[in-house]
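Take a walk through this model with the sequence at hand. We begin with charges and rings, then turn to the fold, the salt bridges and the surface.

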Amino acid sequence: MKKPGRSGFTLMEVMVAVLLLGVTLAGSLGLLSWMVRANAFSARVTEAMTMNQAKIDELRELGFEEMAGGSDVLDRYRRSWVVTSWPGGKTIEVTTRWLSLSGVERSTRLITMHNDERYNLQNSL
């Protein structure tokens, strides 16, 4: 209780203010931790998808007959690709795997189809 003529805060008011500030900061730190993990995950997914696209581009440059499946390891990523033939084309499926910060395996997959231009020319004549 305040005495007449004195200004300032009572001990109870200061304790309540400190408690509210502590609860707010604890919630903010939890949110910050989640944001850091989400940002790291997003960066890994972007990097893995870029690696998938790079492998598809590399296989397309080899030429239709030379495309084949395989795998490699790049830094923390394990990448594998499967090439499936069908009449007049091939399907390329590239999968990249990595371990998340919590130790859970994550992966991305990119699938595309590639037509054999020779097959298209033969059928158009």
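A charge sits over a ring if NZ of Lys or CZ of Arg is within 6 Å of the ring centre and within 35 degrees of the ring normal. Keep in mind that this is a predicted model. Lysine 55 places its charged end over the ring of tryptophan 81, 3.9 Å from the centre. Lysine 90 lies over the face of phenylalanine 64, and here the distance to the ring centre is 4.9 Å.

Now the fold. The protein chain has two helices and four strands. Along the sequence they follow the pattern α-β-β-β-β-α. Helix 1 spans residues 11–62. Strand 2 covers residues 77–86 and strand 4 covers residues 105–115, while strand 3 runs over residues 89–99. Take the contacts between residues at least 6 apart in sequence: 45% of them join residues at least 24 apart.

Next, the salt bridges. Side chains of opposite charge can pair when their charged atoms come close. How many salt bridges does the model hold? The count is five. One of them joins aspartate 72 and arginine 79, at 2.7 Å from N to O. The two partners differ in cover. Arginine 79 counts as buried because its relative accessibility is 7%, under the 20% limit. Aspartate 72, at 23%, is partly exposed.

Glutamate 105 bridges to arginine 78, with the closest N and O atoms 2.3 Å apart. This pair links distant parts of the chain: glutamate 105 belongs to strand 4 and arginine 78 to strand 2, 27 residues apart. Glutamate 105 is partly exposed at 44% relative accessibility, and arginine 78 is partly exposed with a relative accessible area of 44%. Arg97 joins Arg78 and Glu105 in a network of salt bridges.

Strand 3 and strand 4 are also linked. Arginine 109 forms a salt bridge with glutamate 93, the closest N and O atoms being 3.0 Å apart. Arginine 109 is in strand 4, glutamate 93 is in strand 3, and 16 residues separate them. Glutamate 93 is partly exposed, at 26%.

Finally, the surface. Of the 125 residues, 22% count as buried. The chain exposes about 9,200 Å², and carbon and sulfur atoms supply 62% of that area. Phe9, Val14 and Val18 make a nonpolar surface patch of about 330 Å². Valine 14 sits in helix 1. Its relative accessibility is 38%, so valine 14 counts as partly exposed.

Conventions
Residues numbered from 1 in each chain as written. Predicted model: local features only at pLDDT ≥ 70, side-chain atom pairs only at ≥ 80, totals over all residues. Heavy atoms only, no water. Patch = residues over 30% accessible without salt bridge, like charges linked within 9 Å, V, L, I, M, F, W, Y side chains within 5 Å. Areas by Shrake-Rupley, 256 points an atom, 1.4 Å probe, with all protein chains shown as cover. Salt bridge = Lys/Arg side-chain N within 4 Å of Asp/Glu carboxyl O. Buried < 20%, exposed > 50% of the residue type's maximum accessible area, 1.4 Å probe, protein only. Contact = heavy atoms within 4.5 Å.
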